[in-house]
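Biologist: I'm new to reading protein models, and I'd like to go through one with you. Could you take me through it feature by feature?

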Amino acid sequence: MKRFRLLLILGLSFCCQISFAKTYKGGITYNSYKGLVMAGYQGWHNAPDDGANRGWYHYKGKDGFRPGSTNVDFWPDVSEYPRVYQTEFTFDDGTPAYVQSAHDYSTVDTHFRWMKEYGLDGVFMQRFVGEIKNPSGKSHFNHVLASAMAAANKYSRAICVMYDLSGMRPGDENVLISDVQEVAKEHTLFHHEDNPSYLYHNGKPLIVVWGIGFNDHRRYGLNEGFKVIDALKSMGFSVMVGVPTYWRELRQDTEPDPRLHELIRKCDIVMPWFVGRYDEKGYVKFRNLINDDIKWAAENHVDYAPLCFPGFSWVNMHYPRETRPIPRNHGKFFKMQLDYCLSAGAEMLYIAMFDEIDEGTAIFKCAKRVPKPTPGSTFVPIDCDCGTDHYLVLAGNAAKILKNKKR
């Protein structure tokens, strides 16, 4: 009898340790990126007491998160978040300023509700290899991803995992390969009926790998890129690869190695990185580049996802070094890119980014009323008269146009 009880206890203990795959209920099954407008989702802003034990992560500057020290240029509009956190910043009238944390499910739920309300089709959830290598980073991004999977299915939005290789070293490709296996099992990526909001493309679950082919002295290179892409394809994934702006011509920001084209041909979708490469005036000369990209992709049987961004600013991040922001111009800069890509025949769009206030590319609701400025913490208010949701409106309108073109 004692032996039976011991076996029973051990058996129950083992069962309690099993991680059962999650199942979700969604109203839409996403079978292709074609016809969708999606944005990148960082999910990396933390606050003290949010449960992640990461402090003011991605808010703080060199001297913490306080007047004169911050990593962000835009201030979030926090009027709709159920839970917010008081900061040391104040407005001109002396009242305290608050921010949200991505670690809270209520924050993620609010974001996906906005996506549904404004018509943005969904987001690519960032997983930074440099973060998931350590327990704290992996715990936080696992938590945010779980929240996002639930919210995506709740609001019938598309969701896809994107690995950012920035900061990766040779050998870390094994971290990515192991992690994607865990994510696939945890969130039933290969059982579409159990996670209908997860984005499929060409009949397989889609994984994005961003950061291959750049010539900015990264520790990893094409060899690691081939290993990752080959592993993902062998597992049964379709793959979108994020590459430099001049990937096709192998110049400027791109390694001059023709093997990059061989790698891209192994993938299902190519997405070049345009953020910071042009302003409103300079965009004209990029139109021919986009046209030629679309032509190359069609000839090589790879789908093409052009990128659009609303503006750019990282003044506080690099203070006191002088930097040059790219103005939003009341949304005209963003709309110009959206309109051109749609007119050029793009079948899908990537927006950088949903919640990136560090580099000033966020399209989510940012504040018109910002904390009072000090050197090192001067915030950019939304410069339009259409409300803090102006960029969500523009993204949603582009999604409607793209769907009408597809019919």
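This is a predicted model: local features need pLDDT of at least 70, side-chain atom pairs count only at pLDDT 80 or more; totals for chains, interfaces and linings use all residues.

Biologist: How many bridges join strand E2 to E3, and do they run parallel or antiparallel?

Modeller: Strand E2, residues 85-90, is joined to E3 by 3 bridges, and the two run antiparallel. If you want a pair to look for, Gln86 stands opposite Tyr98 in E3.

Biologist: And how do I read the two faces of a strand?

Modeller: The general idea is that side chains in a regular strand alternate between the two faces of the sheet. Now try strand E3, residues 96-99: Ala97 and Val99 make up its covered face, while Pro96 and Tyr98 are on the uncovered one.

Biologist: What about E1, how many of its residues are buried?

Modeller: 5 of the 5 residues of E1 are buried, so this strand is largely enclosed by the rest of the structure. E1 has strand partners too: 3 bridges join it to E12, and 4 bridges join it to E4. E1 runs parallel to E12, and E1 also runs parallel to E4.

Biologist: Which residues are the bridge partners of Met38?

Modeller: In E12 the partner of Met38 is Tyr350, and in E4 the partner is Gly122.

Biologist: Let's move to helices. What describes two packed helices?

Modeller: Two things: the angle between their axes and the distance between the axes. Here, take helix H10 (residues 332-343) and helix H11 (residues 390-406), whose axes come within 10 Å and cross at roughly 10 degrees. Angles under 35 degrees count as roughly parallel, and H10 and H11 are therefore roughly parallel to each other.

Biologist: Which residues make that contact?

Modeller: H10 brings Phe334, Lys335, Leu338 and Leu342. From H11 come Tyr391, Leu394, Ala395, Ala398, Ile401, Leu402 and Lys405. Sorted by type, the residues of the contact of H10 with H11 are 9 nonpolar, no polar and 2 charged.

Biologist: How far does H11 reach from its first C-alpha to its last?

Modeller: H11 has 17 residues and reaches 25 Å, close to the 24 Å expected at 1.5 Å a residue. Its buried residues are His390, Tyr391, Leu392, Leu394, Ala395, Gly396, Ala398, Ala399 and Leu402. Covering the buried residues of H11 are, among others, E1, H2, H10 and strand E12.

Biologist: Which elements do the buried residues of H2 pack against?

Modeller: They pack against strand E1, strand E4, helix H4, strand E5 and H11. The buried residues of H2 include Phe112, Trp114, Met115 and Tyr118. Just after H2, Gly119 takes a positive phi of about 95 degrees.

Biologist: I also spotted Tyr105 in helix H2. What does it touch?

Modeller: Leaving out residues up to four places away in sequence, Tyr105 touches Ser147, Ala150, Ala151 and Lys154. Tyr105 is partly exposed, with a relative accessible area of 34%.

Biologist: Last one: where are the cis peptide bonds?

Modeller: One joins Tyr319 and Pro320, with omega about 10 degrees. Pro320 is found in the loop between helix H9 and H10. Another runs from Ala352 to Met353, with omega near -5 degrees, and Met353 lies in the loop between E12 and H11.

Terms used:
Residues are numbered from 1 along each chain as its sequence is written. Side-chain values use heavy atoms; hydrogens and water are left out. Axes are lines fitted to C-alpha atoms, for helices over the stretch in contact, and angles run from 0 to 180 degrees between N-to-C directions. Angles under 35 degrees count as roughly parallel, over 145 as roughly antiparallel, 65 to 115 as roughly perpendicular and the rest as oblique. Contact means heavy atoms within 4.5 Å. Ala, Val, Leu, Ile, Met, Phe, Trp, Tyr, Cys and Pro count as nonpolar, Asp, Glu, Lys and Arg as charged, and the others, Gly among them, as polar. Buried means under 20% relative accessible area, exposed over 50%, partly exposed in between (1.4 Å probe, protein chains only). Two strands pair if DSSP finds at least two bridges between them. The expected span of a helix is 1.5 Å times one less than its number of residues.
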